[in-house]
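Trainee: Could you show me how to read a few features in a model like this one?
Mentor: Gladly, let's look together.

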Amino acid sequence: QVQLVESGGGLVQAGGSLRLSCVASGRIWTMGWFRQAPGKERDFVAVISWSGGATDLADSVKGRFTTSRDNAKNTVYLQMNNLKPEDTAEYYCAARQSTILSRLLNDYDYWGRGTQVTVSS
């Protein structure tokens with residue numbers, strides 16, 4: 001079993017920045033970030049390969065968000081810049097026991113409990 005713990009969420013004004021962290025209790029492979037706004041489905045945000053050499057980002061966050069990782073610390077990051085009110089959501093990290101990047105929720109084996117991000121206008 002792998003446990004994932006997100007942190008770094010909070011309240012920020014539009015145009016501001018936040019960095020989310022996700023610490024894993026064990027070895028992790030491909031790591032994804034997803035978000036879910038109230039009353040909406042959980043959506044893909046970003047994914048990063050085990051080496052960190054490959055990433056994929058949702059169109060809605062390209063140019064504003066980046067993802068990175070530090071395998072020595074079993075930690076993945078989501079840097080969010082130029083935040084918008086529509087970015088308000090619960091953000092989740094997820095681990096996939098595969099080297100293949102995926103945007104699909106069902107492809108992920110472990111999930112964190114989430115961290116809330118609220119962007120005020």
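Trainee: Are Cys22 and Cys93 buried or exposed?
Mentor: Buried means under 20% relative accessible area, exposed over 50%, and partly exposed in between (1.4 Å probe, protein chains only). Here both Cys22 and Cys93 are buried. Keep in mind that this is a predicted model, where local features need pLDDT of at least 70, side-chain atom pairs count only at pLDDT 80 or more, and totals for chains, interfaces and linings use all residues. Residues are numbered from 1 along each chain as its sequence is written, and side-chain values use heavy atoms, leaving out hydrogens and water.

Trainee: Which residues does a disulfide join?
Mentor: A disulfide is a covalent bond between the sulfur atoms of two cysteines. The criterion is a pair of cysteine sulfur atoms within 2.5 Å. In this model Cys22 is joined to Cys93, with S to S at 2.0 Å, and the count is one disulfide. The link is right-handed, with 50° about the S-S bond. It connects distant parts of the chain, 71 residues apart: Cys22 lies in strand β3 (residues 18-24) and Cys93 in strand β9 (residues 89-96). Strands (E, at least two residues) are DSSP runs, numbered from the N terminus.

Trainee: In what order do the four strands of the open sheet lie?
Mentor: Two strands pair if DSSP finds at least two bridges between them. The order is β1-β3-β8-β7, with antiparallel pairing. β1 (4-7) and β7 (65-70) are at the edges with a single partner strand each, so one side of each has no neighbour in the sheet.

Trainee: How many bridges join β7 to β8?
Mentor: Six, between β7 and antiparallel strand β8 (residues 75-80). For example, Ser68 has Tyr77 in β8 as its bridge partner.
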